[in-house]
Amino acid sequence: SIYCGASRDPEREKIYQYSSQPLYMVSNILVTHRENTENPETVQELINAKVRIGTYFGTGSAKFLKSTGVLRVNERYTSLEKGMQSVASREIDYFFYHDLGLLYFLSRSSFELRAVPTAFRSYAHWMIMSPDMPEEISQKLDDAVSKLVKEGVVAQIRKGYEPK
């Protein structure tokens, strides 16, 4: 009934209830093979280089990248592990997703990969709730989460997933 860490978009707003405030911010970044020395800074550079980019299936990150005009987007990945394997084996040039997920994965991975030091966009992640959740419960939950955000508890938890 509850999912923490979803971007907000009109399609999801038709399906879910959102928390009254965002939980935290993330930025879209690229991961590439450690031997790739290119550090694209703009979407136009990605388009001009005709690179192959993997994305996580069905995410806002995938929709954003495709909306920019990048043509070689492979959205088939349903796990970060498979996406990172494809970058490590050079099946694709880059993987595009949010920094929280990618940097956490890299900090625990033995793959020969690195993060590109460019944030392509930043956006909020929200808590979403089932529309079937009773109003009384969703309001209590939202109040509790708002308090945790305000007191810095959510930020402290998030730090545990950042690379050391």
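Where is the place of Ser7? Ser7 sits in the loop between β1 and α1, and point 2 returns to this residue.

1. Basis of the note. This is a predicted model, in which local features need pLDDT of at least 70, side-chain atom pairs count only at pLDDT 80 or more, and totals for chains, interfaces and linings use all residues. Residues are numbered from 1 along each chain as its sequence is written, and side-chain values use heavy atoms, with hydrogens and water left out.

2. Ser7. With a relative accessible area of 11%, Ser7 is buried, a term that means under 20% relative accessible area, whereas exposed means over 50% and partly exposed lies in between (1.4 Å probe, protein chains only). Apart from neighbours within four places in sequence, Ser7 is in contact with Arg12, Tyr18, Gly60, Tyr123, Ala124, His125 and Trp126; contact means heavy atoms within 4.5 Å.

3. Asp9. The loop between β1 (2–6) and α1 (10–13) also holds Asp9. Asp9 counts as buried because its relative accessibility is 14%. A polar atom of the Asp9 side chain lies 3.0 Å from the backbone nitrogen of Glu11, and the side chain of Asp9 reaches the backbone nitrogen of Arg12 at 2.7 Å. When neighbours within four places in sequence are left aside, Asp9 is in contact with Tyr18 and Lys63.

4. The chain as a whole. The secondary structure of the protein chain comes to 7 helices and 8 strands. Here helices (H or I, at least four residues) and strands (E, at least two) are DSSP runs, numbered from the N terminus. The C-alpha atoms fill a box of roughly 50 × 35 × 25 Å, taken along the principal axes. Of the 164 residues, 43% count as buried. Among contacts with a separation of 6 or more, 72% come from residues 24 or more positions apart.

5. Strand β6. This strand (residues 94–98) is mostly covered, with 5 of its 5 residues buried. Strand β3 (residues 24–33) runs antiparallel to β6 and is joined to it by 5 bridges, while β4 (residues 53–56) runs parallel to β6 and is joined to it by 3 bridges. Two strands pair if DSSP finds at least two bridges between them. Phe95 in β6 is the bridge partner of Val31, and Gly54 also stands opposite Phe95.

6. Asn28. Strand β3 contains Asn28, which is buried, with a relative accessible area of 0%. The side chains of Asn28 and Ser61 are joined by a polar contact of 2.8 Å. A polar contact is a pair of N or O atoms within 3.5 Å; within protein, one must be able to donate a hydrogen and the other to accept it, and residues adjacent in sequence count only if both atoms are side-chain atoms. Not counting residues up to four places away in sequence, Asn28 touches several residues, including Phe64, Phe96, Tyr97, His98 and Tyr123.

7. Helix α5. In this helix (residues 99–107), Asp99, Leu100, Gly101, Leu102, Phe105 and Leu106 are buried. The buried residues of α5 pack against β3, α4 (80–88), β6, β7 (113–115) and α7 (153–159).

8. The largest pocket. Its volume is about 620 Å³. Of the 27 residues that line this pocket, Cys4, Gly5, Tyr24, Leu100 and His125 are the closest to its centre. The elements that give two or more residues to the lining are β1, α3 (60–67), β6, α5, β8 (121–129), α6 (135–150) and α7. By class, the lining has 17 nonpolar, 8 polar and 2 charged residues. On a 1 Å grid over the protein atoms alone, a pocket is an open set of points where a 1.4 Å probe fits, with protein on both sides within 12 Å along at least five of seven lines; lining residues have an atom within 4 Å of a point. Grid points are joined across faces, edges and corners, and a volume is the space filled by probe spheres set on the points. Ala, Val, Leu, Ile, Met, Phe, Trp, Tyr, Cys and Pro count as nonpolar, Asp, Glu, Lys and Arg as charged, and the others, Gly among them, as polar.

9. Positive phi values. Lys50, in the loop between α2 (43–49) and β4, has a positive phi near 55° and is not a glycine. Lys50 is exposed, with a relative accessible area of 59%. Arg90, in the loop between α4 and β6, has a positive phi of about 65° although it is not a glycine. Arg90 is partly exposed, with a relative accessible area of 42%.
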